[in-house]
Amino acid sequence: MRLIRRFAVAFALAPLLASPAFAGDETAVQNVRDLYAAFSAAVKDGAGPLPARVEAVSPAIDKVFDFPAMARIAVGSKWSGFTPEQQEAVTKALKRSLTVTYANRLSQAAGGKFDVMPKVETRGSQRVVPTKVTTANDDESAVDFVVNAEDRVQDVLLNGDVSEMAAQRTMLSKPLASGGADGVVKFLNDRAEGMLAPKDAPKAATPAKPAPAKAGQ
């Protein structure tokens, strides 16, 4: 399966809040470079176990991603109806889920490379740091990081318009409708636990028993 299919699902997202022009775009670029440096280090000796990758990339993801903004985008209009405690719980659960998700996806990037373009692009109201991820099999994907006024990531786009946060918003719609903030927290935590759970090794085939010898043989 191509790497792009593992990063997001194609859904449109409402435009993000407009950002003014910025002189310090180099900070946004450097933030993404730091993120990719952590990704590269996490798989430099091969994919390894998922919990180890999560531990390796968590500090960089925490620094570069604006999880409160991402949680607000993923929940949508119901966010304002959450209490501050509920907002904090949803943000924490989304952070954990996305951190495990990105660490999980890194298994396909082992032996590949991450290239960051040296300039922030302005696309309508968005500021975007363009990058390219190449797997060991030379499968290339354009991965663009949408950054906010603080130069922190608040969305990730595939091929320019496939939004990670739109995919999250779609995933959360059902638990949000049925369980509110608590439903969202449970869904996100269960998703992270499901990825982290040890996977059963394939069972070895049972060798066939030899047929009994016929009389006289």
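**Ground rules.** I number residues from 1 along each chain as its sequence is written, and side-chain values use heavy atoms, with hydrogens and water left out. Because the model is predicted, local features need pLDDT of at least 70 and side-chain atom pairs count only at pLDDT 80 or more, while totals for chains, interfaces and linings use all residues.

**Entry 1, salt bridges.** I looked up salt bridges (a side-chain nitrogen of Lys or Arg within 4 Å of a carboxyl oxygen of Asp or Glu), and the structure holds 11 of them. Asp-34 forms one with Lys-63, with the closest N and O atoms 3.6 Å apart. Asp-34 lies in helix H2 (residues 25-42) and Lys-63 in helix H3 (residues 50-64), so this pair ties together parts that are 29 residues apart in sequence. Helices (H or I, at least four residues) and strands (E, at least two) are DSSP runs, numbered from the N terminus. For burial I take under 20% relative accessible area as buried, over 50% as exposed and anything in between as partly exposed (1.4 Å probe, protein chains only); Asp-34, at 29%, is partly exposed.

I then turned to Asp-144, which forms a salt bridge with Arg-123 at 2.9 Å between the closest N and O atoms. Asp-144 is in strand S4 (residues 140-147) and Arg-123 in strand S2 (residues 121-123), so the bridge joins parts 21 residues apart in sequence. Asp-144 is buried at 4% relative accessible area, whereas Arg-123 is partly exposed at 27%.

The side chains of Arg-127 and Asp-151 also meet in a salt bridge, 2.9 Å from N to O. Arg-127 sits in strand S3 (residues 126-134) and Asp-151 in the loop between S4 and strand S5 (153-158), so parts 24 residues apart in sequence are tied together.

**Entry 2, strands around S5.** I count two strands as paired if DSSP finds at least two bridges between them. S4 and S5 pair in the antiparallel sense over 5 bridges, and their hairpin has 5 residues between the strands, where Asp-151 takes a positive phi near 65°. S5 also runs antiparallel to strand S6 (residues 162-163), joined to it by 2 bridges, with Leu-158 opposite Val-162. In S5, 6 of its 6 residues are buried.

I looked for sets of buried Ala, Val, Leu, Ile, Met, Phe, Trp, Tyr and Cys residues joined through side-chain atoms within 4.5 Å. The largest such core has 54 residues, and those with the most contacts inside it include Tyr-36, Val-129 and Phe-145. Helix H6 (residues 164-196) gives this core its largest share, 9 residues.

The rings of Tyr-36 and Phe-145 have centres 5.6 Å apart and planes at 75°, so I note the pair as edge-to-face. Tyr-36 is in helix H2 and Phe-145 in strand S4, so the pair links parts 109 residues apart in sequence. Tyr-36 is buried at 4% relative accessibility, and Phe-145 is buried at 2%.

How values were computed: Phe/Tyr/Trp six-rings, centres within 6.5 Å; stacked < 30°, edge-to-face > 60°.
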